Amino acid sequence: MDTRPEPALVATTCPYCGVGCGVMAEPSGVHGNQAHPANFGRLCVKGSALHETLKTDGRLLEPRVRGDAVSWDTALSAVSDAIADAVARFGPGSVAFYLSGQLLTEDYFVANKLAKGFIGTPHVDTNSRLCMSSAVAAHKRAFGEDCVPGCYEDFELADLLVLAGSNAAWAHPVLYQRMEASHRAGRRVVVIDPRKTATSELADLHLQLKPGTDTILFNGLLAWLNEQGAVDQDYLDAHCDGYQEALESAQRAAPSVSEVARQCDLEVADVETFYQWYADTPRTVTAFSQGINQSVAGTDKCNAIINCHLATGRVGKPGAGPFSLTGQPNAMGGREVGGLANTLAAHMEYDTPGARELISGFWGNDALPESPGLKAVDLFEAVHRGDIRVLWIMGTNPAVSLPDSPRVRQALARCPTVIVSDCMAETDTTAFADILLPAAGWGEKDGTVTNSERRVSRQKSFLPLPGDVRPDWWMISAVARELGYGDAFSYQGPADVFREHAALCGLASVRTGTILDLSGLQNLSDDEYQGLEPIQWPVRSPSGGGISGTPRLFSDGVFATPNGRARLVSVETALPAQQPSGARPLVVNAGRIRDQWHTMTRTAKASRLLSHRSEPFIEVNPEDARRIGLSEGGLGRLSGHDGASPYVGRIRITGNQRQGEVFVPIHWSGQFASQGLASNLIAAVTDPVSGQPESKHGTAELKPLATRWQARLLRRGDNPWRQEDEALCDYWSRQPLSHCESWWLAGGWPVHWQQDAASWMGGEPDVMLADAAEGRFRAARIVDGQLQAVLLVGPCAEALPDLAWLDQCFAAEQLSREQRQCLLAGRAVDTEDTGNLVCSCFQVGEKQITGAICAGHASVDALGKTLKCGTNCGSCIPELRGLLEKTVVALEPVSP
Ligand SMILES: Nc1nc2c(c(=O)[nH]1)N[C@H]1C(S)=C(S)[C@@H](COP(=O)(O)OP(=O)(O)OC[C@H]3O[C@@H](n4cnc5c(=O)[nH]c(N)nc54)[C@H](O)[C@@H]3O)O[C@H]1N2
Ligand SMILES: Nc1nc2c(c(=O)[nH]1)N[C@H]1C(S)=C(S)[C@@H](COP(=O)(O)OP(=O)(O)OC[C@H]3O[C@@H](n4cnc5c(=O)[nH]c(N)nc54)[C@H](O)[C@@H]3O)O[C@H]1N2
Ligand code: SF4
Ligand SMILES: [Mo]
């Protein structure tokens, strides 16, 4: 295969969130693509640090079978033997695939084709089950097909923007910047989220509702719109079914505004304001994300939102529509190819008339299963039972991301053959792999992704493939050839796969009426594929003119249902299945932080991305903290339904949390912390319609973690964390820096530092400073003038050492005299503690910012001029605004 790198500066797409920003990339740097219609040149902090994540340390660079590095031939035989053997002995249903919304469309298509079309197993599911499946199910119920009606421009055109269960400022930052930029006179923003977030900084009205009560709020809205005569009866008559039934169940669930307010734990006046604004504003967009989807009532929550849009005729119009924000870069593409267990391919379902025959004929094989396969949570239960003998996991880290992590790990340990394709060698999931396949990562692989607004963009390679790394489509096709399906998998490159996918979508559209149509792209030449400009589906065969995409769907009121009419869905109220109790009195809300991506396998490589939040944490309301006896900066332990697997994190006391609820980040895995797994606290209960887990609503008991000492250890990178290190502490969390590794440590028993430090420092320290009475100890080890390790111990988490400065000390071949003198202080003499990091791009801390505000730089612009914070990617602007509000209020004199 051709592994030559592309010439410099390639137009590609960001591999993180579903905004799908265009990136101009070369090995040494990236910047936003001005011409890309998703971002027009902007990038958030994760996107702008992409080039810092390209280093190959930690990469899986060769195939491995049961621990041994092997050739591709050996690995491919091992995979195909395991599959063939399981099929022969236990039938095709004993083989399962667990895929990912981070695969490219071409990878995804080939995996689905091999699994369903040739091996004949229905058990193909994807991590999109944890992410988008409630929205998918709701789209199908309402519109007849899984289609997002609107486009990003609608966020700018809307006069009322409702953000439900979305922290877009952190999770979809560039789209959020577009929302922010269009903040013009009269435009209103409502945020519906139990937490105060960076996103709610933009809100004119923040409905901080009780978690899980969104159906009540939107049922109440439907009933209220009806009562006020604010529904669009003409639209309902002409284009919709099911209004009366939906209305009646809404009225039962939410008989009055005061009842809504009571059940959602909101002020009556706030609910009324929201309802009135909604009624008054034809140009309303309701964007929703995981606070809606990840619930036992996820599908109902989505439909309750869509019902209100249908009842007001606000679908597919400029500035008006319900908008499901896609999480992963290619969650949408995965849905197109049929990656979910209940779908076949090209938006065709098992029960779509004629679909099985069409697909079998198209692929020239008749192995397609009869009925849908198991959805993610049930799939891993089947693995646990022993029904699945071979499990191939691609591009996802289920040991961390599925609920009830201990049980998932048990299932993986029991499975006879676990195959994992990943770009990293050591993840919590690769630890269970019998066969490891090294996958090409971003910058090395080549194909397409589809973003939240149905826009297909090219991801291109600009780096050579390191080691024996191969793209996913290549390894899947190679296994297919080993299994004897060579004719159907003879692809020379991703363009071949894409043309086949586009042709199948075209055929499906003609024969079964699906809206997803890519026939306009099925005859692209290799060069045209290479240069494909971002385009929104459906893309129909051009009749005459050039190829064009479609920004909005259903604008004409014709839907993808058999009778062309949209459906309002009767939504009853299902509250969260995991309810707090005496033993576990707190609700656990789990979500994202600004600078990390999921299980951190890539974003943790850019050390500045770990400076905003650098260890697992627990956000807790001040009243709860007081009651439980927690102190800011101490450590806390959350014990969930599986008491044996707690979560330990740094306590952050904040009024952002409602009482009785805590927030934890989802990102820390066993690679980065001793006990930082949020999914330990989430039971595996799912939405009965979509199968999506209730990942936003665990329950737990919180206690302080008593410690006698806390420490920071920095050590040269060639000294990885060892079992012996673990035994010396109760808590650790790893923070890779550019020139060394660093850890937060804490322990509950006394340590004889003078003796024991050597174990952590890889040898006797050379300089030491101890104050036994105060419980302080500081030491450094220097070999031939080069710094090897620093250990700073105190009774509690002390003023942060200046990590950037210490990191530079590790970079020095020879420590300077000043560096040596300041080592044990943890910072250069003339610098001060700048506080918690806010701006990752220019490394500006909270204390500097509040200092500047007090000195009169009291606006985002003024802060940018003096400190530069917020002037690059803009991801920290919501926090700057929060600090401005807090500080300026504090500065205002109290009136007499
Ligand atoms: N920085 C960063 N960005 C990302 C990702 C990442 O890992 N890091 N991942 C991407 C992916 S795959 C996804 S799916 C998206 C997710 O994007 P979001 O869904 O915006 O992010 P989350 O933090 O998971 O959750 C959003 C909000 O839901 C709220 N919530 C919890 N329970 C409820 C409830 O009952 N009702 C309501 N109304 N709200 C509730 C939470 O408080 C939280 O603020 O982000 C994408 N973008
Ligand atoms: N409690 C709780 N749990 C959640 C969520 C939550 O909000 N709360 N969110 C859920 C959601 S929405 C999601 S999307 C999931 C995400 O969870 P995961 O999908 O498990 O998380 P990632 O870290 O993105 O895993 C991607 C893996 O693929 C690897 N990889 C990267 N690129 C490639 C490639 O090109 N090919 C291959 N083969 N491998 C690659 C990475 O190294 C990494 O190991 O988590 C879910 N879990
Ligand atoms: S918003 Fe950030 S993470 Fe999402 S696609 Fe754009 S640059 Fe990437
Ligand atoms: Mo997601």
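Modeller: Domain bounds come from an automatic or database domain assignment. The model is predicted, so local features need pLDDT of at least 70 and side-chain atom pairs pLDDT 80 or more, whereas totals for chains, interfaces and linings use all residues. Residues are numbered from 1 along each chain as written, chains are lettered from A and ligands numbered from 1 in written order, and side-chain values use heavy atoms without hydrogens or water.

The assignment includes domain 1 (10-53) and domain 6 (837-891). Their centres, taken over C-alpha atoms, are separated by 25 Å. Four residues from domain 1 and five residues from domain 6 make the contact (heavy atoms within 4.5 Å). The two domains bury about 270 Å² between them, 63% of it on carbon and sulfur atoms; this buried area is the accessible area (1.4 Å probe) lost on putting two parts together, summed over both. On the domain 1 side, Leu43, Val45 and Ser48 lose the most area to domain 6, together 87% of what that side buries. Zero salt bridges are found across this interface (a side-chain nitrogen of Lys or Arg within 4 Å of a carboxyl oxygen of Asp or Glu).

Leu43 also belongs to the surroundings of ligand 3, where a residue counts if one of its heavy atoms lies within 4 Å. Others there include Cys14, Cys17, Cys21, Cys44, Pro173 and Val174. Two or more residues each come from helix H1 (45-48) and helix H7 (173-181); helices are DSSP runs of H or I of at least four residues, numbered from the N terminus. The shell has eight nonpolar, two polar and one charged residues, with Ala, Val, Leu, Ile, Met, Phe, Trp, Tyr, Cys and Pro as nonpolar, Asp, Glu, Lys and Arg as charged, and the others, Gly among them, as polar.

Helix H7 is largely enclosed by the rest of the structure, because eight of its nine residues are buried (under 20% relative accessible area, with exposed over 50% and partly exposed in between; 1.4 Å probe, protein chains only). Pro173, Val174 and Glu180 are among these buried residues. Glu180 forms a salt bridge with Arg881, the closest N and O atoms being 2.1 Å apart. This pair links distant parts of the chain, helix H7 and helix H30 (residues 877-891), 701 residues apart. Glu180 is buried at a relative accessible area of 15%, while Arg881, at 24%, is partly exposed.
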